[in-house]
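Hi there,

Here is the structure I promised to pass on. Please have a look, and my notes follow below.

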Amino acid sequence: MSGKYDVIIAGGGPAGSTSACILAQKGYKVAIIDKAKFPRKKLCGGLITYKTTKILEKIFNCDVDCLRDQGIINFESAEYSINYRDHKIRDAASTIPFRFVDRVDFDYFLLQKAANAGAHIFTEEEIIACNYKDAEIKTKSNRIYKGKYLIGADGVNSTIRKFLPYDKEKWKANMASTIEIIFDAKDYPREVTKPELYIGHLRAGYIWVFPAKGKVVTGIGALNRCTTNFKRTYMDFLKSQGIANPESIPMKGYPLPYGNYMKNPCFGRTILAGDAAGIVEPLFGEGIFYALQTGRYLAESIARGIMENKNPEQFYLERLNKYVFPELQYSNRLRWTLFYSQRLLKHMSFKIAFKSMPKLLADMVHGVRSYKFLLKKEWD
Ligand SMILES: Cc1cc2nc3c(=O)[nH]c(=O)nc-3n(C[C@H](O)[C@H](O)[C@H](O)COP(=O)(O)OP(=O)(O)OC[C@H]3O[C@@H](n4cnc5c(N)ncnc54)[C@H](O)[C@@H]3O)c2cc1C
């Protein structure tokens, strides 16, 4: 059995569903192939920023009210807290609320939107091989799917990427590990009403405690090459929060691209988006927005390429270079400034930044201001 499509999309996460929705709306024959059975879990803090809600509105026609009504946004907070170890730097206000989603519901919602737009969805279909030059994949069930183009949106452990000639050393050098434990709110020793970040426990990374409906999402993420005693650090932190015996609680780990985004994720007719291309913001690890935005840029570039009989690569790279990569470059510089300076100045570096301009920094994370000198940021 085989299938021929205009575009094959490996992975039905935020990047894949966005690409599929756009291409299907434009009338292209498109298939998403995902190994998971949906709704499926994805390890994630579930924090979405203002720029994320704007793109959800644009592509999926669902604004904040709609996302709230559908139960997709399950918690909101216009405050956040920054801590250096057990030293509170400040509780701060944000002009725009931070919003939270559960990825089980969020990803399923987007996948259904893609299906409603006309995309063919094949779940529980694991891709095991890829001929990237011919935009062709083979699945575990021995099916072959072929497209004019193949989008690799199959996440950080992308199978598609394994078949591409990319710089594996650079990729590995900038990988981070994460662990998450999600508590029922009643089991957490205190009420959590805003996103809390804890810095200073790690040379390059941080610990988070996020609110969610009826839950508290805790996690740790750090660059592998700068980290020792990763799990121990997390366990000690949870003990300091009042959790007895955290080692006995089931926890999950997952890799996170952390500064290893590919400057050219295009390999002829096979092109990567989202985590598969490492396109995640390198300071806080925000990836949902970048998955949606790169999935969108790629779909629009492929559609334009087909229409104009041109290579979509130039259109995709143009938008990545104009809107996405400068943010990632400047956030990478900011992270090293903060992480290096914490060795010398301890909490003072964060105190200077977050005490003096908490709203501007929140605006930067929301995408209203740029990581480049906090200038006003326009997304197209
Ligand atoms: C612990 C943790 C916390 C995070 N917290 C946040 C946060 O709070 N906010 C935020 O913005 N970002 C966060 N991120 C990052 C965010 O989760 C990712 O950047 C985002 O999920 C990327 O979306 P994607 O569509 O590229 O990939 P994914 O969401 O990973 O989707 C990839 C899809 O591909 C499928 N797939 C994989 N391999 C195959 C295969 N061989 N065959 C078929 N299908 C396959 C998978 O089943 C999956 O459905 C976090 C990440 C981690 C690890």
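Proline 39 sits in the loop that links strand S2 (30–33) and strand S3 (47–48); strands are DSSP runs of E with at least two residues and helices runs of H or I with at least four, numbered from the N terminus. The peptide bond leading from phenylalanine 38 into proline 39 is cis, with omega near -5 degrees.

Before you read on: this is a predicted model, where local features need pLDDT of at least 70, side-chain atom pairs count only at pLDDT 80 or more, and totals for chains, interfaces and linings use all residues. Residues are numbered from 1 along each chain as its sequence is written, and side-chain values use heavy atoms, with hydrogens and water left out.

Now the ligand. It has 40 residues around it, and the closest are Asp34, Gly45, Arg103, Thr159 and Asp275 (a residue counts if one of its heavy atoms lies within 4 Å). Domain 1 (2–75 + 101–170 + 260–366) and domain 2 (172–257) both contribute to this shell, so the ligand lies between them; the bounds come from an automatic or database domain assignment. S14 (252–257) gives the largest share, three residues.

An oxygen atom of the ligand is 2.6 Å from a side-chain N or O atom of aspartate 275, and one is 3.0 Å from a polar backbone atom of leucine 47 (polar contacts here are pairs of N or O atoms within 3.5 Å).

Finally, asparagine 61 has a positive phi of about 55 degrees although it is not a glycine.

Best wishes

Technical notes: Polar contact = N/O pair within 3.5 Å; in protein donor to acceptor, adjacent residues only side chain to side chain.
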